[in-house]
Amino acid sequence: MNGFKRDLLTISLFLAGMLLLPRCLTNEYYVNVLIISGLNAIVAVGLNLLLGFAGQISLGHAAFYGLAAYTTSILTTTYNLPIIAGILAGIVLVGLVAYLIGIPTLKLSGHYLAMATLGFGIIVYIVFNETIELTGGPSGFVGIPRLSLFGYSFDSDLSYYYLVVFVLAIVLMFSLNLIRSRIGRALRAIHTSEKAAQISGIDIARYKLFIFVLSAILAGIAGVLYAHYLEFIAPSSFGFNHSVLLVTMVVLGGMTNVWGAVAGAFFLTMLPEFLRAFENIEFLLYGFILIVCMMFLPEGIVGGIQKLVRKLT
Amino acid sequence: MLVLGETVMVLLDYIQFLISGLTVGSTYGLTALGFTIIFNTTGIINFAQGEFLMLGGMLSVFLLKFLNLGLLPAVLLAIIITTCVGALIERFTIRPVQKSSTINLIIITIGISIFIRGVAMLLWGKDTYALPSFSGDTPLSFFGASMHPQSIWILSITLVLLCLLKFFFARTIYGKAMLACSFEKKAAYLVGINVQRMVLFSFMISALVGAIGGVILTPLTMTSFDVGILLGLKGFAACILGGLGNPFGAAAGGLILGVLESFGAGIVSSAYKDAITFIVLLLLLFVKPSGLFGQAEVERV
Amino acid sequence: MLTIKNIDVFYGKIHAVRRASLHVRRGEIVALIGGNGAGKTTLLSTVSGLLRPAAGNIVFDGQEITRLGADRIVRAGISHVPEGRLVFKPLSVEDNLLLGSYHRFSFKLKQEITEDMEAIYSMFPVLKERRKQPAGTLSGGEQQMLAIGRALMARPKVLLLDEPGMGLAPNITQEIFKHIVSLRDKFGLTVLLVEQNARSALKIADRGYVLETGRIVLQGPAEELLQNKDVQRAYLGRDITDQVEISNE
Amino acid sequence: MDISILECQKVTVRFGGVVALNRVNFSVPAKSITSIIGPNGAGKTTLINAITGFVSCSEGSICFNGQDISKQPSHERGRAGVVRTFQNLEIFSNMTVLENVMTGRHRLVNYSFFDCLFKTPRYRAEEKKCRQKAGELLEFVGLPDRWDVPAGELPFGSQRLLELARALAGDPHLLLLDEPAAGLNIRETRQLAQLIQRIRDQLGITVALVEHDMDLVMSISDQVTVLSFGQVIATGTPLEVQKNPEVIAAYLGGEKEA
């Protein structure tokens with residue numbers, strides 16, 4: 001009970017803070033950065049469920065992000081379907097693909113799983129680039145309609161920002177609820193000891209598949225929101241580098257904590273905006289963060305702070 | 001006659017595909033070999049393996065162009081520097097965290113690879129560089145198919161390197177000691193092998209092999225700061241194709257992958273040549289994760 | 001020659017050896033016996049440097065070796081034949097023996113090493129027959145001979161033997177024990193032997209120590225221990241009839 | 001004795017060419033404490049692994065409550081009520097003590113994915129019940145406090161008890177313990193002996209254990225089975241087994257070879 005109330009409180013605080021944030025900004029452009037951060041955070045929270053809680057790596061999550069984005073773009077633009085249909089189709093398709101890929105893939109572990117998800121990501125990336133009639137190829141897909149739902153059009157960046165924050169808050173709430181349930185316990189059990197999990201009656205294959213699909217769906221939700229926000233998408237946003245960036249966000253924020261992924265996503269998305277010379281050292285810095293985090297701070301920023309607080313009190 | 005002519009043409013094409021496939025495939029094989037050497041002594045998959053190839057090529061270009069060294073000294077120096085980088089990686093990032101879980105080690109080596117790539121980009125920018133061929137660019141004719149002289153260099157150096165490694169692991173006590181570490185670590189300690197040092201050596205040898213692969217490939221394909229990604233991934237794919245942990249399976253996996261890719265590009269579509277690699281790989285992983293030449297033991301990791 | 005003083009060893013979180021002390025004199029065969037889980041293997045692994053003791057010290061030939069790495073201890077002259085044999089299965093028998101001489105290997109010594117290898121072959125002729133075979137294809141007894149041969153290739157002064165009879169038929173164990181005795185008689189090799197099979201170990205040993213849950217509970221000349229009823233207790237637990245009598249009183 | 005809850009017949013397990021268990025017949029009478037003993041490498045842990053499905057047997061049948069479970073995956077056996085602990089402790093170190101036990105109750109907590117997303121009343125009721133039960137069990141095994149600390153921070157002896165509590169949380173019919181006393185001191189071992197007896201007497205759960213501490217085995221067992229080289233060489237009461245010359249030979253070395 002206690003944990004539940006605390007979650008509700010933190011999420012309300014987070015929501016309030018996020019909603020007030022744009023008022024403190026001097027430059028409208030930053031709303032744009034915040035939206036992208038929020039979208040990345042949605043993917044990262046999902047990836048964290050897989051990576052941090054269930055202990056299964058995916059180096060192909062950007063592919064799910066992109067798959068949903070392209071599906072809704074193609075359906076709503078080329079085929080003029082209503083946006084809501086495009087969005088649903090995008091999310092459902094991603095779930096389906098994750099399910100089909102997941103059945104054989106999740107039998108693998110460690111290096112094999114990393115390789116399989118990575119290979120999947122690269123195949124999808126190549127398909128985005130090469131099916132030019134469908135996707136527009138490397139130069140991108142243009143003319144995607146801006147999101148409008150139930151007659152309301154999210155034309156201003158600010159309204160879109162509120163939408164993204166709202167979705168993120170719901171995703172967070174659900175994730176926290178999930179973690180504190182028997183399902184969350186089963187996932188964490190699989191992470192530490194598959195043997196002991198089995199003995200407790202947990203069907204590990206089923207749970208791995210479940211969380212893989214769920215995290216892909218979250219990536220899909222962020223993907224459709226991304227497409228209908230930017231109105232333009234290109235394969236380069238959904239490649240191997242982006243998959244690695246997503247993993248970096250989760251690792252940096254802290255794999256054992258739902259909030260870690262959010263912190264990591266906002267930090268790494270906004271960082272380039274604040275470092276002028278960043279473009280040149282971007283990679284270098286990401287690499288450095290990954291190494292240092294894994295070596296000295298395996299629980300990430302949020303996990304590290306929590307530990308510190310616990311030690312002090 | 002027309003039909004016969006066409007058959008000959010097709011045959012010629014096939015020979016051409018085979019040659020270019022084997023050429024590229026041998027660099028995949030070398031990369032895969034690098035993965036295997038480290039994996040066998042430590043159980044780690046070094047996702048930064050591709051960067052050794054990049055460093056080999058880029059450093060050669062840099063030493064040749066900007067320091068005005070001759071081709072041979074530049075290449076040799078580049079290989080030596082890369083080998084040292086391998087040693088540094090082991091000493092400062094792998095050794096302190098050896099007991100970490102697989103997932104953490106994967107993330108660390110990915111971090112290393114991004115870091116090295118970042119440094120390379122900072123130093124040399126995003127341009128593409130060329131390295132002169134070792135012996136001119138005049139194509140040689142081979143059963144009517146044309147062949148770049150560098151291909152011969154690549155094939156022969158790969159072959160020599162394979163033989164040397166085979167000799168090292170099968171005939172010298174140090175090679176055997178290195179294998180011993182992977183088979184039975186505890187017993188390796190007990191016969192007086194300094195396992196820690198063997199791990200260091202394995203990183204150095206694998207960096208060396210990677211650098212040589214990078215150097216010989218560069219005159220044919222050019223190089224830039226990010227060539228390591230795809231080369232590394234394909235090397236890893238070759239590794240799994242041949243059976244993780246089996247050095248000669250890895251080399252064979254590389255050749256098979258190269259040929260497959262070359263035929264795929266020639267017959268199906270060049271656009272999907274990279275996809276072919278990974279589709280084959282995924283299918284293999286689903287059907288037989290132990291690889292074509294591996295034992296049925298997947299739970300090594 | 002080898003003195004262990006008051007060592008405490010943790011195996012993971014388990015306090016496996018508690019303040020154990022023992023000593024082995026030159027040319028002696030000392031048996032370390034006790035039920036499973038008593039800490040025998042842990043104790044041996046600590047001597048050979050695979051594990052670090054939390055407290056206490058180990059002195060060998062007047063030199064403190066408590067904190068040396070395993071490779072340095074082999075160099076100092078202690079060879080350990082590990083529990084479960086741990087031969088390098090994919091390597092040939094010959095390579096296994098060769099690696100036994102790893103710490104002293106150099107091209108100059110090649111002749112000498114080949115001679116040592118021949119000596120091992122004459123001791124275990126079956127290994128010579130199979131010298132090109134991968135060690136993994138050998139039977140359990142042959143692997144045990146190989147493991148001992150590999151350890152001897154290091155030319156040790158002290159041999160630590162961990163359960164050489166485990167999983168082997170009694171007659172093969174007997175044969176291996178015979179070899180151990182003859183090694184001591186011929187070369188003055190010192191042996192610290194860990195065995196579960198208390199009787200056969202004590203039969204070849206000069207002295208023995210009985211370990212129970214990490215503590216040395218009994219020690220003495222081998223013949224005395226053989227007669228001692230408490231040794232059986234250490235293996236099969238307190239005699240229930242005793243307990244019953246006590247509770248009836 | 002009473003009817004058997006578990007009946008292994010001619011169970012054979014091979015690893016590569018090695019026969020780890022050779023036509024083992026082993027039965028556990030309901031509501032009993034049955035011990036499996038034997039020298040190192042005799043196949044004791046392999047037998048537990050075969051019963052819980054971590055190794056598959058190449059021949060033979062394992063019947064639990066009259067039903068053949070030898071082909072079922074581990075988690076289904078767990079759900080059927082065959083639960084175990086591990087020699088090297090497999091606790092969930094990333095969870096709190098209480099959560100560990102709650103995880104053990106996984107199969108008995110009954111709500112859906114949507115119940116937990118929206119924290120429906122059903123979720124709350126079930127979680128409350130689960131937490132309560134977990135608390136009771138923690139008290140039962142003797143861990144009355146520190147439920148909110150990460151399980152990895154508990155001392156070793158407490159982790160053993162925690163693992164026991166987790167195993168009990170699934171309301172098992174048969175509890176298999178793999179060397180429960182390993183690493184415990186004498187006082188802790190004595191407590192463990194009492195606890196095992198309470199598990200049988202108060203909870204009515206059948207217990208089978210592999211153990212090296214013979215004082216423990218002989219004092220609490222109703223029946224002892226002795227394995228050697230993958231074969232059963234004796235079964236009987238502790239007294240019978242202790243006097244059995246074949247058993248003494250297996251442990252101390254036979255007389256016949258002299």
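This is a predicted model: local features need pLDDT of at least 70, side-chain atom pairs count only at pLDDT 80 or more; totals for chains, interfaces and linings use all residues.

Visitor: Good to know. How many residues of chain A are in contact with chain D?

Guide: On the chain A side there are 29 residues, and they are in contact with 36 residues of chain D. The two chains bury about 3000 Å² between them, and carbon and sulfur atoms account for 59% of that area.

Visitor: Which residues in chain A lose the most area to chain D?

Guide: Those are Arg182(A), Arg185(A) and Ile199(A). Together they make up 26% of what the chain A side buries.

Visitor: And how many salt bridges are there between chain A and chain D?

Guide: The count is 3 salt bridges. One to look at is Arg188(A) with Glu99(D), where the closest N and O atoms are 3.1 Å apart. There are also 13 residue pairs in polar contact between chain A and chain D, counting pairs with both residues at pLDDT 80 or more.

Visitor: Which elements of chain A give two or more residues to that side?

Guide: Four helices do: α7 (157–179), α8 (182–192), α9 (194–199) and α10 (204–230) of chain A. The largest share comes from α8(A), with 8 residues. By class, the side of chain A that touches chain D has 14 nonpolar, 8 polar and 7 charged residues.

Visitor: Let's switch to chain B and chain A. How many residues does that contact take from each chain?

Guide: It takes 47 residues from chain B and 43 residues from chain A. Between them, chain B and chain A bury about 3800 Å², and 84% of that is on carbon and sulfur atoms.

Visitor: How many salt bridges are found across the interface of chain B and chain A?

Guide: The number is 0.

Visitor: Then which parts of chain B supply the side that touches chain A?

Guide: α3 (71–94), α4 (102–124), α9 (227–242) and α11 (273–287) of chain B each supply at least two residues. The largest share, 16 residues, is from α4(B). The side of chain B that touches chain A divides into 37 nonpolar, 6 polar and 4 charged residues.

Visitor: Now something local. Where does Arg146(A) lie?

Guide: Look in the loop between β1 (141–142) and β2 (148–149) of chain A.

Visitor: Is Arg146(A) buried or exposed?

Guide: Arg146(A) counts as buried because its relative accessible area is 16%, and the cut-off for buried is under 20%.

Visitor: What is around the Arg146(A) side chain?

Guide: Beyond residues up to four places away in sequence, Arg146(A) touches several others, including Ile83(A), Phe154(A), Tyr160(A) and His228(A). A polar contact of 3.1 Å joins its side chain to that of Asp157(A). The backbone oxygen of Tyr229(A) also lies 3.3 Å from a polar atom of the Arg146(A) side chain.

Visitor: Last one: in which sense do β1 and β2 of chain C pair?

Guide: Strand β1 (residues 2–11) and strand β2 (residues 14–24) of chain C pair in the antiparallel sense, over 7 bridges. They form a hairpin with 2 residues between them, and Tyr11(C) stands opposite Ile14(C) in β2(C). In the turn, Gly12(C) has a positive phi of about 65 degrees.

Technical notes
Residues are numbered from 1 along each chain as its sequence is written. Chains are lettered from A and ligands numbered from 1 in the order in which they are written. Side-chain values use heavy atoms; hydrogens and water are left out. Contact means heavy atoms within 4.5 Å. Buried area is the accessible area (1.4 Å probe) that two parts lose on being put together, summed over both. A salt bridge is a side-chain nitrogen of Lys or Arg within 4 Å of a carboxyl oxygen of Asp or Glu. A polar contact is a pair of N or O atoms within 3.5 Å; within protein, one must be able to donate a hydrogen and the other to accept it, and residues adjacent in sequence count only if both atoms are side-chain atoms. Ala, Val, Leu, Ile, Met, Phe, Trp, Tyr, Cys and Pro count as nonpolar, Asp, Glu, Lys and Arg as charged, and the others, Gly among them, as polar. Two strands pair if DSSP finds at least two bridges between them. Buried means under 20% relative accessible area, exposed over 50%, partly exposed in between (1.4 Å probe, protein chains only).
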